[in-house]
Amino acid sequence: MTIKSDIDIELRVPVIRDMAILEKWYGMQDCLGHATGFKKFSDVMQKFKEPVDPSMLNFMIYNIKTKIPVGFINGYLRDVNRHSVLWISIFIIDPDYQNMGYGTHALYKLLDFVQSKYGTVACIAAVSTENKRGLSFWEKAGFSHDPELEQSLHLLGTSEAAIMKKILK
């Protein structure tokens with residue numbers, strides 16, 4: 001995947017002033033519904049403000065040049081056979097900034113961060129099978145379907161999710 005060199009983003013822990021843009025994105029069900037799980041912002045905002053679980057990672061994605069938030073990432077670090085694995089559960093890029101490289105830059109910045117800080121060996125993202133653009137994004141970023149994990153979800157009654165996985169080096 002080609003990464004544009006003129007994009008400069010920063011991952012920041014959300015603060016109170018970020019809640020308004022997150023609420024806006026959660027209200028954009030028509031274009032961001034798959035990314036938010038079609039949940040109401042009021043149902044999830046507290047975990048973005050003050051995560052109770054220390055393994056939870058929340059990051060606003062800011063364009064450094066304009067100082068404007070362009071996205072959000074929520075994930076969890078999990079121990080799998082004594083190895084740190086990052087599970088990304090929410091990945092939002094504002095529609096005005098999609099297909100410009102912001103998501104790719106944010107993802108790679110996040111992966112570099114968790115690898116260096118936590119020794120993370122893999123990253124997993126659940127993506128709705130209906131979200132064709134989302135699936136394409138993860139595939140272009142080097143992720144591939146994990147049939148074993150998908151089968152486990154299917155046995156639990158969830159068949160609408162594709163599990164995308166990348167082994168980190």
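The face of helix H5 turned away from its buried side carries the exposed residues Lys132, Arg133 and Lys140. Here buried means under 20% relative accessible area, exposed over 50%, and partly exposed in between (1.4 Å probe, protein chains only). Helices (H or I, at least four residues) and strands (E, at least two) are DSSP runs, numbered from the N terminus.

This is a predicted model, in which local features need pLDDT of at least 70 and side-chain atom pairs count only at pLDDT 80 or more, while totals for chains, interfaces and linings use all residues. Residues are numbered from 1 along each chain as its sequence is written, and side-chain values use heavy atoms, with hydrogens and water left out.

**Helix H5**

H5 spans residues 132–140, and its buried residues are Gly134, Leu135, Phe137 and Trp138. Seen down the axis of H5, these buried residues fall within an arc of 155°, so they line one face of the helix; the arc is that of the directions from the helix axis to the C-beta atoms. The cover over them includes strand E4 (83–93), helix H4 (102–118), strand E5 (122–128), strand E6 (144–145) and strand E7 (161–167). Just after H5, Gly142 takes a positive phi of about 95°.

**The nonpolar cores**

A nonpolar core is a set of buried Ala, Val, Leu, Ile, Met, Phe, Trp, Tyr and Cys residues joined through side-chain atoms within 4.5 Å. The largest one has 31 residues, of which Leu86, Ile88, Leu107 and Trp138 touch the most other members. Two or more residues of this core come from each of E1, E2, E3, E4, H4, E5, H5 and E7. H4 gives the most to this core, with 6 residues. Leaving aside neighbours within four places in sequence, Leu107 is in contact (heavy atoms within 4.5 Å) with Ile88, Phe91, Phe137, Trp138, Ala141 and Phe143. A second, separate core of 15 residues includes Met19, Tyr26, Ala35 and Tyr62.

**Strands E1 and E2**

Strand E1 (residues 9–12) has a covered face, Ile9 and Leu11, and an uncovered one, Glu10 and Arg12. E1 pairs with strand E2 (residues 56–63) in the antiparallel sense over 4 bridges; two strands pair if DSSP finds at least two bridges between them. Glu10 stands opposite Tyr62 in E2.

Asn74 lies in strand E3 (residues 68–80), and Ser55 lies in the loop between helix H3 (41–49) and E2. Asn74 counts as buried because its relative accessibility is 0%. Ser55, at 15% relative accessibility, also counts as buried.

Beyond neighbours within four places in sequence, Asn74 is in contact with Lys47, Phe48, Met56, Leu57, Asn58, Trp87, Ile88, Ser89 and Ile90.

**Cysteines**

A search of the whole structure finds 0 disulfides, a disulfide being a pair of cysteine sulfur atoms within 2.5 Å. Cys31 counts as partly exposed at 41% relative accessibility, whereas Cys123 counts as buried at 0%.
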